[in-house]
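Look at the model first, then work through the questions and answers below.

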Amino acid sequence: MDISQSTIAITGAAGGLGSAMAQRLAGQGAQLALIDLDKSALEPVRAACIDAGAGAALAYAANVTDEADTSGVFAAIAADFGALHGVVNNAGITRDALTVKFRDGECVSAMTLDQWQSVLDANLTGVFLCGREASRHMITLGCHGCVINISSISRAGNMGQINYSATKAGVEAMAVVWAREWARYGIRAASIAPGFIGTDMVRSMKPEALKKLSAMIPVQRMGEPDEIARAVAFIFENDYFNGRCLELDGGLRL
Ligand code: NAD
């Protein structure tokens, strides 16, 4: 896939990793459809993409958990650009808690159903809806390309993240399914499992936890958002990368 000739949609594009991906792909001349909950939060990213050399960059407000929003936004992208070659399913949230927490023999807290469900809605249902709607238009428009799901090192099962770990294992499996289902249409699918990357999501951890974490990573530091963005560009460009998960974690194993 030639990024300079491609229209690429990124969900969660206002966030740390999404904006880094958008700017990297913009620098390679892509036409970008930037999606997030809030259109005004996308404006600085859109402007940075134009500065970086994007063929075009448009911002779209949509909640990926909402079926009408996702079908509306991908229909609008198809109409505005007349093409769609790439999608990065990047929007995601965390609502961490132990499944059950005991102190002195007493259960003092438990993950709520709302904590469980909100993460499943954003990280799993959101990826399903965006993948379904995007592929519908890619196939109709006759566009070959690739869908990338952003998984996580936590897909292996991270303590305090039963909800998040389940979704991140799920989106890796979904990319395998899509690679098989969409090969006949010239569409690849893959996933990326970042380790700990220095975005707001990770920097919001307690400082002692962050220090301990960096010490556990073989390369002794967190990753940079652009290191993930470069992996996104690699997968888009390499037409033989399909149905697999690219692990980018500095060598850390949970
Ligand atoms: P972030 O919080 O900076 O950005 C996430 C973006 O997604 C935000 O702009 C948010 O508004 C958007 N979003 C959330 N829910 C949405 C919804 N329902 N509809 C539309 N947009 C929505 O987070 P980030 O660190 O940039 O993470 C991006 C992705 O990478 C996530 O899927 C995350 O799980 C994954 N990831 C991050 C790290 C890391 O270290 N930062 C590591 C592994 C995986």
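Two strands pair if DSSP finds at least two bridges between them. Helices (H or I, at least four residues) and strands (E, at least two) are DSSP runs, numbered from the N terminus. This is a predicted model, in which local features need pLDDT of at least 70 and side-chain atom pairs count only at pLDDT 80 or more, while totals for chains, interfaces and linings use all residues. Residues are numbered from 1 along each chain as its sequence is written, and side-chain values use heavy atoms, with hydrogens and water left out.

Q: Which residue in strand 6 is the bridge partner of Arg 103?
A: Strand 5 (residues 100–103) and strand 6 (residues 106–110) pair in the antiparallel sense over four bridges. They form a hairpin with two residues between them, and Asp 104 in the turn has a positive phi of about 50°. In strand 6, the partner of Arg 103 is Glu 106.

Q: Which strands stand at the edges of the open sheet?
A: The open sheet has seven strands in the order 3-2-1-4-7-8-9, with parallel pairing.

Q: What is the bridge partner of Thr 11 in strand 2?
A: Strand 1 (residues 7–11) and strand 2 (residues 31–36) pair in the parallel sense over five bridges. In strand 2, Thr 11 is partnered by Ile 35.

Q: What angle does helix 3 make with strand 3?
A: Helix 3 (residues 67–81) packs on the sheet and touches strand 1, strand 2, strand 3 and strand 4 (86–89), where contact means heavy atoms within 4.5 Å. Axes are lines fitted to C-alpha atoms, for helices over the stretch in contact, and angles run from 0 to 180 degrees between N-to-C directions. The angle between helix 3 and strand 3 is about 155°.

Q: How far is a polar side-chain atom of Tyr 164 from an oxygen atom of the ligand?
A: A polar contact is a pair of N or O atoms within 3.5 Å; within protein, one must be able to donate a hydrogen and the other to accept it, and residues adjacent in sequence count only if both atoms are side-chain atoms. A polar side-chain atom of Asp 36 lies 2.6 Å from an oxygen atom of the ligand. For Tyr 164, the distance is 2.5 Å.

Q: How much of the ligand's area does the protein bury?
A: Accessible areas come from the Shrake-Rupley method with a 1.4 Å probe; for residues, only the protein chains shown count as cover. Taken alone, the ligand exposes 820 Å². The protein buries 88% of that.

Q: Which residues outside its sequence neighbourhood does Ser 118 contact?
A: Ser 118 is in helix 4 (residues 113–141). A polar atom of its side chain lies 2.8 Å from the backbone oxygen of Asp 114. Leaving aside neighbours within four places in sequence, Ser 118 is in contact with Ile 93 and Arg 95.
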